[in-house]
Amino acid sequence: MGLQRCKFSNKNMSIFERKKAIKLSADTAMASARKGLTCWSRALISNRDRPVPTTTRRASSACKKIVKRSRRIRRTAKCGAARKGQITRSIAQCLVRKRTQILKSLIPGGEFMNEVCLIEETLDYITSLRVQVDVMRSLASASARASEPHN
Amino acid sequence: MSSRRWRESSRTNMSEEQITQLLSTLRQLLPEIPHSHSHKASSAAKVLKQTCNYIKTLHREVDDLSDRLSQLLATIDADSAEAAIIRSLLT
């Protein structure tokens with residue numbers, strides 16, 4: 001319904017404005033389908049008019065530095081296996097923390113969720129995104145067929 | 001005091017178990033990696049990385065499809081029969 005309203009309301013829309021409207025409608029439709037049952041859908045609808053924050057690369061580059069540093073430590077250290085195990089565990093914990101932060105920035109409303117809620121919301125969000133992609137693909141192929149010249 | 005600590009630690013154990021279970025469900029939802037030779041359980045860090053990459057891929061697909069749709073819809077005359085068909089698909 002949102003798509004229909006946006007598509008045909010303004011013939012003078014630029015391609016870019018039309019694309020924004022289509023994307024906004026698709027996201028609103030996807031979120032509305034959850035009927036307020038999930039945090040991400042409520043956050044998506046309430047954040048509709050706010051600019052989306054871009055994910056920073058700082059988290060992943062900081063993680064790469066930590067992994068490089070630990071490889072250097074492992075190469076030069078003459079300590080026993082217990083110390084190496086400790087380093088491996090702390091690297092794993094650091095990676096999990098950094099990647100959890102990235103995931104929180106990808107899921108709408110994710111920054112307010114605890115770990116269990118975040119993973120549950122992620123499962124639902126991924127399922128909904130897949131459906132969104134399928135619907136848009138069907139629409140695109142229907143539109144492509146409609147715009148072909150008749151024989 | 002000790003019973004409180006026990007309660008806190010049992011709560012932590014429960015949520016760790018819950019997280020492990022959720023992560024394995026998440027792992028099943030992600031696309032298979034063709035070069036992955038390991039059949040044992042992936043670590044939490046790997047699952048999180050694959051999840052983030054998959055979500056970014058889906059976002060990019062939605063973006064590309066929005067692009068494609070905006071170009072296609074621009075070429076369709078709003079009053080034509082084809083537009084009516086598409087309208088009926090959406091309601």
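Which residue's side chain does A:Arg137 meet in a salt bridge? I looked this up at the outset and found B:Glu61, with 2.3 Å from N to O. I note here that the model is predicted, and every value below is computed from that model.

**Entry 1. The interface of chains A and B**

I next examined how the two chains meet. I found 43 residues of chain A in contact with 45 residues of chain B. The area buried between chain A and chain B comes to about 4,300 Å². Carbon and sulfur atoms give 76% of that area.

I then turned to charged pairs. Side chains of opposite charge can pair when their charged atoms come close. A search of the whole structure gave me 6 salt bridges over all chains, and the rule finds 4 across the interface of chain A and chain B.

Besides the pair of A:Arg137 and B:Glu61, I looked up B:Asp67, which forms a salt bridge with A:Lys19. The closest N and O atoms of this pair are 3.7 Å apart, and the cut-off is 4 Å. B:Asp67 belongs to helix H2 (residues 44-75) of chain B and A:Lys19 to helix H2 of chain A, so the pair joins two chains.

**Entry 2. H2(A) against H2(B)**

Two packed helices are described by the angle between their axes and the distance between the axes. For H2(A) and H2(B) I recorded a crossing at roughly 125 degrees, with the axes coming within 8 Å. The two helices are therefore oblique to each other. I noted the crossing as right-handed.

On the side of H2(A), the contact involves A:Ile15, A:Arg18, A:Lys19, A:Ile22 and A:Lys23. Their partners in H2(B) include B:Val62, B:Asp63, B:Ser66, B:Asp67 and B:Leu69. Sorted by class, the contact has 6 nonpolar, 3 polar and 5 charged residues.

**Entry 3. H2(A) within its own chain**

I followed H2(A) (residues 15-32) to helix H6 (residues 115-146) of chain A. Their axes come within 10 Å and cross at roughly 130 degrees. H2(A) and H6(A) are therefore oblique to each other, and I recorded a right-handed crossing. H2(A) contributes A:Ile22, A:Ala26, A:Asp27 and A:Met30 to the contact, while H6(A) contributes A:Tyr125, A:Ser128, A:Leu129, A:Gln132 and A:Met136. I counted these residues by class as 6 nonpolar, 2 polar and 1 charged.

I then looked up helix H3 (residues 39-46) of chain A, which packs on H2(A) at an angle of about 145 degrees with the axes 9 Å apart. I noted this crossing as left-handed. Here A:Asp27, A:Met30, A:Ala31 and A:Ser32 of H2(A) meet A:Trp40, A:Ser41, A:Leu44 and A:Ile45 of H3(A). The classes are 5 nonpolar, 2 polar and 1 charged.

**Entry 4. B:Leu29**

Which residues does B:Leu29 contact, leaving aside its neighbours within four places in sequence? I found A:Leu123, A:Ile126, A:Thr127 and A:Arg130 from chain A, together with B:Tyr54. B:Leu29 itself lies in helix H1 (residues 2-29) of chain B. I also took its separation from B:Asp67, which lies 38 residues away along the chain: the C-alpha atoms are separated by 27 Å.

Definitions and conventions. Residues are numbered from 1 along each chain as its sequence is written. Chains are lettered from A and ligands numbered from 1 in the order in which they are written. This is a predicted model: local features need pLDDT of at least 70, side-chain atom pairs count only at pLDDT 80 or more; totals for chains, interfaces and linings use all residues. Side-chain values use heavy atoms; hydrogens and water are left out. Axes are lines fitted to C-alpha atoms, for helices over the stretch in contact, and angles run from 0 to 180 degrees between N-to-C directions. Helices (H or I, at least four residues) and strands (E, at least two) are DSSP runs, numbered from the N terminus. Angles under 35 degrees count as roughly parallel, over 145 as roughly antiparallel, 65 to 115 as roughly perpendicular and the rest as oblique. A crossing is left-handed if the near helix is turned anticlockwise from the far one by less than a right angle, and right-handed if clockwise. Contact means heavy atoms within 4.5 Å. Ala, Val, Leu, Ile, Met, Phe, Trp, Tyr, Cys and Pro count as nonpolar, Asp, Glu, Lys and Arg as charged, and the others, Gly among them, as polar. Buried area is the accessible area (1.4 Å probe) that two parts lose on being put together, summed over both.
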